[in-house]
Amino acid sequence: MDKRKDPYSPGAGRQPFALAGRADDIDEFEAAIERIGDGMDARPLVFYGLRGVGKTVLLRDFQKRAAANGWLTAFVEANPERSLRDMLGDELKLTIAEMAKPSAGESALRALKTIISFIQLGVDSVGHISLGVDFSKADYSNAATGDLSGDLTVLVRDLSAACEKTGKGVAMFIDEAQDLTESDLRAINMAAHRASQETYRFVAVIAGLPTLPRILADINSYAERLYGYRPLAGLDAESSRIALTAPSLARGVEWENDAASLAVSATGGFSYFIQEYGSAVWRRAEASPITAADVENARADAIKRLDEGFFRSRWDRASETQKEYLRAMAADGDGPSSTSEIAKRLGVNPTSLSPRRASLISKGLIYSASSGTVAFTVPQMAQFINRQVPLGDVPFGGV
Ligand SMILES: Nc1ncnc2c1ncn2[C@@H]1O[C@H](COP(=O)(O)OP(=O)(O)O)[C@@H](O)[C@H]1O
Ligand SMILES: [Mg+2]
């Protein structure tokens, strides 16, 4: 069918037509903002799972809901190259414009000053905000001590106070949180901890790889009790079916039952694969309803697209010796793999592999699943690796 009308959305962070199977998560978030709106407390949330399960699109969906309720929102995608203060600063700059209204009350002006001190903007760069307030008088509430934990807590406190009158609140979303530094994560833990003690009008929603709960708890042991932890995994059969069929149904194209079952089982319920298979089948099929034969015909396209995009982009990040390590892991399928077993397979001493493992973790290709084990950050990576021609098997030195 016409690729111009393809309703599927394979790709990192691309909002799907139907956010299937997440009703409980959405309800949890909506309950949190309603409670906070009513002056009660609510748990900050941590979502964790492999790449491609749908963490980013879920957080973006929450952000839209919060904004539609009149909340202030800030969304940060952590990046090892930048500090949390900088990244939050970019978001907060947008908020300044929103908050700087002539009608702004005292608490809003105070919050504005706090934002400005937190961002450590030069007074000149906010000179255009004329509210009859002299920002050059350095009477900022102090969110610029340089200690992010304290500064972030002050920021949250003042933003919360500014929301008191309206019955709204502030929602902070942090994606890829495993990439933040320890001190940035400590600041988030502390601000969220303080917010729940003081019933600030604030909720933090954090997402990252499956290691995230452990990382947070290693920094502050109270993190175990502070957050509501919600694992995100593949969708169940019913939700997978909805994710697969709803986008085309909206365009008047139906799926025969066995066609949908076949495609769902090929994807293992994994959100990213559902989008990629849906799209490949859409482009192959000629008419409604989509049949099992259409799915079979599109299978090779879907695998090719996944191999060339989703998997290849990760594989190519690894050096040759790192690829050897990944190949040794692939013998265990989706894993996890024991690090000592990997060493045995490669015929080397386990400690000599530590740098390789550390580098693969920092490249986001594997994670330490539990002590002494590692696993791939994306599902079916092992199958992809096993589809590649092992180096030694390329005849006559390769092509
Ligand atoms: N609940 C869902 N239903 C249908 N498709 C989804 C769902 N969640 C995510 N997707 C799709 O899966 C892919 C990966 O989503 P993304 O949020 O980027 O995952 P993650 O952040 O966990 O790596 C995207 O193509 C997105 O459209
Ligand atoms: Mg993501």
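Predicted model: local features only at pLDDT ≥ 70, side-chain atom pairs only at ≥ 80, totals over all residues.
**Exercise 1.** Find which residue pairs with glutamate 276 in a salt bridge, where the two partners lie, and how the partner is classed by accessibility.

*Solution.* Step 1: the partner is arginine 305, with an N to O distance of 3.1 Å. Step 2: glutamate 276 belongs to helix H11 (residues 271-284) and arginine 305 to helix H12 (residues 292-315). Step 3: the two are 29 residues apart, and the pair links distant parts of the chain. Step 4: arginine 305 has 27% relative accessibility, so it counts as partly exposed.

**Exercise 2.** Describe the salt bridge between arginine 85 and aspartate 151.

*Solution.* Step 1: the closest N and O atoms of this pair are 2.7 Å apart. Step 2: arginine 85 sits in helix H3 (residues 84-99) and aspartate 151 in helix H5 (residues 148-163), 66 residues apart. Step 3: both arginine 85 and aspartate 151 are buried.

**Exercise 3.** Work out how glutamate 341 and lysine 344 are placed in helix H14, and class each by accessibility.

*Solution.* Step 1: the side chains of glutamate 341 and lysine 344 form a salt bridge at 3.7 Å, N to O. Step 2: because they are three residues apart in helix H14 (residues 339-346), about one helical turn separates them. Step 3: glutamate 341, at 30%, counts as partly exposed, whereas lysine 344, at 63%, counts as exposed.

Notes: Residues numbered from 1 in each chain as written. Chains lettered and ligands numbered in written order. Heavy atoms only, no water. Salt bridge = Lys/Arg side-chain N within 4 Å of Asp/Glu carboxyl O. Helix = DSSP H or I, 4+ residues; strand = E, 2+ residues; numbered from the N terminus. Buried < 20%, exposed > 50% of the residue type's maximum accessible area, 1.4 Å probe, protein only.
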